[in-house]
Structures are given as structure tokens and as C-alpha cells.
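Trainee: Hi! Could you walk me through this one before I start working with it?

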Amino acid sequence: LAPVLQAGMAQRFDLAPFSPVGFAVLVLLLIGAGIQAWGLLGLTRTFKAAAASRALSTVALSGFKRFAWVSVAMVPLSIAQHTAIIALFTGSDPSVPGQVSIQLGSSELSRLFFAVLLVFVATVFAEGQAAKNENASFL
């Protein structure tokens, strides 16, 4: 059984068909994933500060703002990534004439709405932080 599995894996995970277009697509996808990971790291700072009873601290607020703005930035970036991937695949296939597909539909608009909503919530949190600091200065 092991030689059969090994032979199947060698065929399935051969890197020859993925060069250079496949690696270009991988790099494009990793750029977006890296930016999203950077935004999520900001969100973890928010959760850690909230767990330490500092939900409206500057660290928590900056982490949430970063996540919100990265969410907004990822909408056009994901559209550009999709377009670049389609261009790479159609450009490398001689049987398909060169074409570009730009996708802007309800999925992208709903992600944009959600991202703008996160920015609004971050703004509300900033106002809450300002009110908390103002109240603390009076006491």
C-alpha cells in the first residue's frame, strides 16, 4: 500500500505544472493572506486587552482599527488578485485568447459593507475611549 500511495503523491504534488504561473498565483495569494494576517494580529491585540479588562485602551482600539481598515483594503485587493489570477491563467494557455475577468458582485459589496461597518464600530469605540478618558479626568 505504501508504494501505491507514494506513487500517487508523486503525481499529485509534482511542482512542474506549477512553474512559473502557479508560483506567481501562489505569491499573489500569499500577499493577500499576509495582509489579512496582519489585520488579524491587530484583532488579537484587541481581544488580549479586553481579556485584561482594558477594552477601551489605546492598544485595543488601535488593534481593532487596524483590523477594520485592513478589511476595507482587502475588498479591492481581492478583486485585483482575482483579476490578476485570471489574467495569468488565460495568458499562459494558448488555446484561450487573452481575457480579463473583473468580478464585482453582491459578495464583494457585502464584504465592503461589513468592512465599512467595522470602521464605524471602531469609530464608536474611539468615541467611547474619549468619553472614558474625559470622565476619568473629572474624577
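Trainee: Let's start with helix 2: what covers its buried residues?

Mentor: Helix 3 is part of that cover. Helices here are DSSP runs of H or I with at least four residues, strands are E runs of at least two, and both are numbered from the N terminus. Buried means under 20% relative accessible area, exposed means over 50%, and partly exposed is in between, using a 1.4 Å probe and protein chains only.

Trainee: Good. And where does the model come from?

Mentor: This is a predicted model, in which local features need pLDDT of at least 70, side-chain atom pairs count only at pLDDT 80 or more, and totals for chains, interfaces and linings use all residues. Residues are numbered from 1 along each chain as its sequence is written, and side-chain values use heavy atoms, with hydrogens and water left out.

Trainee: How many helices and strands are there in the protein chain?

Mentor: Four helices and zero strands, so the pattern along the sequence reads α-α-α-α. Of its 139 residues, 24% count as buried. The accessible surface comes to about 9500 Å², and carbon and sulfur atoms own 72% of that. Those areas come from the Shrake-Rupley method with a 1.4 Å probe, and for residues only the protein chains shown count as cover.

Trainee: Back to helix 2. Which of its residues are buried?

Mentor: They are Val 21, Gly 22, Val 25, Gly 32, Gly 39, Gly 42, Leu 43, Thr 46 and Ala 49. Leu 28 lies in this helix too, which runs over residues 21–51. Leu 28 touches Gln 81, Ala 84, Ile 85 and Leu 88, leaving aside residues up to four places away in sequence. A contact here is heavy atoms within 4.5 Å.

Trainee: What follows helix 2?

Mentor: Ser 53 does, with a positive phi near 65°, although this residue is not a glycine. Ser 53 sits in the loop between helix 2 and helix 3.

Trainee: Is Ser 53 buried or exposed?

Mentor: Exposed, because its relative accessibility is 69%.

Trainee: New topic: which residues make up the largest nonpolar core?

Mentor: Nine residues: Leu 43, Phe 64, Phe 67, Ala 68, Val 72, Ala 115, Leu 118, Val 119 and Ala 122. Helix 3 and helix 4 each supply at least two residues of this core. By core I mean a set of buried Ala, Val, Leu, Ile, Met, Phe, Trp, Tyr and Cys residues joined through side-chain atoms within 4.5 Å.

Trainee: And what does Ala 68 touch?

Mentor: Ala 115, Leu 118 and Val 119, again not counting residues up to four places away in sequence. The buried residues of helix 4 pack against helix 3.

Trainee: Which nonpolar residues form a patch on the surface?

Mentor: Phe 113, Phe 114, Leu 117, Phe 120, Val 124 and Phe 125, with about 620 Å² of accessible area together. Patches are made of residues with over 30% relative accessible area and no salt bridge; like charges are joined within 9 Å, and nonpolar side chains (Val, Leu, Ile, Met, Phe, Trp, Tyr) within 5 Å. A salt bridge puts a side-chain nitrogen of Lys or Arg within 4 Å of a carboxyl oxygen of Asp or Glu.

Trainee: Last one: where is Thr 83?

Mentor: In helix 3, residues 58–92. Thr 83 counts as buried because its relative accessible area is 15%, and its contacts beyond four places away in sequence are Val 100, Ser 101 and Ile 102. Thr 90 lies in helix 3 too, and is buried at 12%.
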